[in-house]
Amino acid sequence: MALYAFVPRRENRLLWGGALAAALLVPAVLRSEYVLNTAVLAGIYVILAASLNITNGYTGLFSFGHAAFYGIGAYTAAILATRLGWGFALTLPAAGVVAALFGAALALITLRLSGIFLALVTIGFQEITFLVTLNWIALTRGPMGIPGVPPPALGGYEFRGNTGYYYLILALDVLTLFVVARVVTSRVGRAFVAIREDELAAQASGLPTFRLKVLAFVIATFFAGLAGAFFAHHARFVSADSFRLDETFIILTMLIVGGLGSFLGPIVGAVALVILPEVSRVLAEYRGVVYGLVLIAVILFRPEGVAGVPGIIQPRGLLARARPAREPVA
Amino acid sequence: MSLLEVSGLSVTFGGLAALKNVSFSLEDREIVGLIGPNGAGKTTLFNCLSGFQAPDEGTMRFRGTVLERRSPDRIAALGLARTFQTSRIFRRMSVLDHVLIGLHRHQRAGFWAAVARPAWVAAEEAAARRRALELLALFEDRLLPRMDDFADSLSYANRRRLEIARALATGPTLLLLDEPTAGMNPHESAGIVRLIQAIRDLGVTVFLIEHDMKVMMNASDRIVVLDHGEKIAEGRPDEIRRDENVVAAYMGRRGARA
């Protein structure tokens, strides 16, 4: 059925197997450092958008703090690697766990709020995180950032060069998407969607909504932390500017363009919006205009997202007149 | 011990008393109606019982357990389920998924089980699905053929049926139905009366708000009447029909108040 369309499962294993095989062949076919570097960037955003989809897409909790958790993961990995000499095999899970702890703490404090109030508090958290990383110089070196993060290494093998980075981020993408797919097709994911659709009715039906919302936040922020750890070891340098509110909006835009609450949405959105500015590079200063026009066109003509579930967004007001509501698809 | 004992329940909204010192009890396997003119406090009473409204005074005991200060999900877990006056369906979830949401609390698979998906999770999900199909079958051919459709494609009457199916799936011993026949034609309403009786035969006590007097008189063993937040009468349908206070509350009082 439509809600679970495109989620990897037995029926469409050929499709997903094919997609994975194609992804594995990319470095062999496109022997271009530039293409691979862009692909690595897209891979990071796939994790960020797919994890944000758990809260903002499936559970209907509008968080605007995703870049903060991405940053917390990146700083955790950078600090542990440069000060304590931890390897990537340890900094990666540690970054996820620390980000998830912050996610749980924020969730416990704020999830009594909903809608616009939750959104505002998460924006506040985003700004506080930025200011703390900028000013807690003893821990974060403040505006100087943390250079000299070693490249990722696992079991004695050091990932160097774009091909290595590409396969590493691909593995992390597969891990993230596997967990997301398993969660959204489970009893837990069904409960997330029920909370999005009508929280009161979900509660009256016996769902422990508060606990479930905290869980959604923990899952989403854990993977943001993982993406942060990869970023730190890949860029070899972290600084507070990389994880500001505009970064949250980039991730959120990818999710909305791809399709909120759709499994395929964040993948398509992340890949498309990393590639779009690259291919429109020829347009020089008009690049931003093209980007903006594409966003407006998607929101006007396909509000459920490029790879979204038809009928999942109900157009209202001006949009309802611009585009008649579709019949729900069974 | 009664299934539900309510005593001295009062709720005030900024000086306006929505419920004043209401007391009554419900027994096992009863069908009890709750009637009263608009604004009498019927839905407020349901909201108190299901944990959506904290009473200012009074006690509510369900199978001996105190209900006050308990969240709606914990009350549902005790076996007290409800439907809503204005339909609250999950628009973009399938009919089958609604019933599975009701069955949620009878399943165990959490995050780790969802990710690792050992054999017992698949067995649990298959069992829940079988149970959901049984519950949908109670509604004859209204919901079962549409089980994979999004709920917002259902007719108004079917949405109300779906809400009852979802509430029933939680496995209640007491089911609160808030105007289950609203917007239905007489034929459909008669079907709901049969359904309510079938639900009672499953061992469930039904407490229902209803404006359709025919449904009320046919379905209820007993009726509780509220007016301006106060309980003004309680008794068998034929007694209520003749009760002076009830007639006065619905038709207006003649002469000075007693």
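Which residue takes a positive phi in the hairpin of β1(B) and β2(B)? In this hairpin, which has two residues between the strands, B:G14 adopts a positive phi near 50°. The model is a predicted one, in which local features need pLDDT of at least 70 and side-chain atom pairs count only at pLDDT 80 or more, whereas totals for chains, interfaces and linings use all residues. Residues are numbered from 1 along each chain as its sequence is written, and chains are lettered from A and ligands numbered from 1 in the order in which they are written.

Strand β1 (residues 4-13) of chain B is joined to strand β2 (residues 16-26) of chain B by seven bridges, and the two run antiparallel; helices (H or I, at least four residues) and strands (E, at least two) are DSSP runs numbered from the N terminus, and two strands pair if DSSP finds at least two bridges between them. Within this pairing B:T12 stands opposite B:A17 in β2(B). Five bridges also join β1(B) to strand β4 (residues 57-62) of chain B, again in antiparallel fashion, and here B:V6 has B:M60 as its bridge partner in β4(B). The loop between β4 and β5 (65-66) of chain B contains B:R63, which has a positive phi of about 50° although it is not a glycine. With 15 C-beta neighbours inside 10 Å, B:R63 counts as partly exposed; a residue is buried if 20 or more other C-beta atoms, placed from the backbone, lie within 10 Å of its own, exposed if 12 or fewer, and partly exposed in between.

A further sheet of chain B is open and has six strands in the order β6-β7-β8-β3-β9-β10, with mixed pairing. Its edge strands, β6 (80-82) and β10 (230-235) of chain B, each pair on one side only, and neighbouring strands are turned by 20° against each other on average, direction ignored. Strand β9 (residues 222-227) of chain B is antiparallel to β10(B) and is joined to it by five bridges, with B:G235 in β10(B) as the bridge partner of B:I223. In the loop between β9 and β10 of chain B lies B:H228, a residue other than glycine whose phi is positive, near 50°.

Helix α7 (residues 186-201) of chain B lies across β3 (31-35), β7 (174-178) and β8 (205-209) of chain B and runs at about 150° to β8(B); axes are lines fitted to C-alpha atoms, for helices over the stretch in contact, and angles run from 0 to 180 degrees between N-to-C directions. The buried residues in α7(B) include B:S189, B:I192, B:V193, B:L195, B:I196 and B:I199. These residues cover an arc of only 165° around the axis, which puts them on the same side of α7(B), the arc being that of the directions from the helix axis to the C-beta atoms. On the face turned away from this buried side are the exposed residues B:H187, B:R194, B:A198 and B:D201.

Between the chains, 33 residues of chain B are in contact with 29 residues of chain A, contact requiring that the C-beta atoms of two residues, placed from the backbone, lie within 7 Å. The elements giving two or more residues to this side of chain B are α2 (72-78), α3 (95-103) and α4 (111-116) of chain B.
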